[in-house]
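Reader: Could you walk me through this model, a few residues and strands at a time?
Author: Gladly, let's look at it together.

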Amino acid sequence: MTKGKDVRVTVIVECTTCVRNKESTGISRYITQKNRHNTPSRLKLRKFCPYCFKHTIHAEIKK
């Protein structure tokens with residue numbers, strides 16, 4: 001018996017600095033998983049951005 005919606009979902013997090021800065025060569029994106037029951041809101045993680053060359057905030061985006 002499986003439920004219709006899984007508890008763990010795959011999400012994509014994207015660099016917020018690269019999105020605002022249009023001069024950047026690309027946008028840093030990571031794929032991760034989150035628990036839908038424990039974290040119902042959008043996920044924000046501090047990850048390394050190879051385009052900014054520093055650790056920045058990466059926010060969850062829609063697929």
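Author: Glu14 lies in strand E1, where strands (E, at least two residues) are DSSP runs numbered from the N terminus. This is a predicted model, so local features need pLDDT of at least 70 and side-chain atom pairs pLDDT 80 or more, while totals for chains, interfaces and linings use all residues. Residues are numbered from 1 along each chain as its sequence is written, and side-chain values use heavy atoms, leaving out hydrogens and water.

Reader: Is Glu14 buried or exposed?
Author: Buried means under 20% relative accessible area, exposed over 50%, and partly exposed in between (1.4 Å probe, protein chains only). Because the relative accessibility of Glu14 is 12%, Glu14 counts as buried.

Reader: What is the bridge partner of Cys15 in E4?
Author: E4 (residues 54–61) runs antiparallel to E1, and 4 bridges join them. In E4, Cys15 is partnered by His58.

Reader: Which residues does Leu45 touch, beyond those up to four places away in sequence?
Author: Leu45 lies in strand E3 (residues 44–49) and is partly exposed, at 28% relative accessible area. Contact means heavy atoms within 4.5 Å. By that criterion, Leu45 touches Thr32, Thr56, Ile57 and His58.

Methods. Two strands pair if DSSP finds at least two bridges between them.
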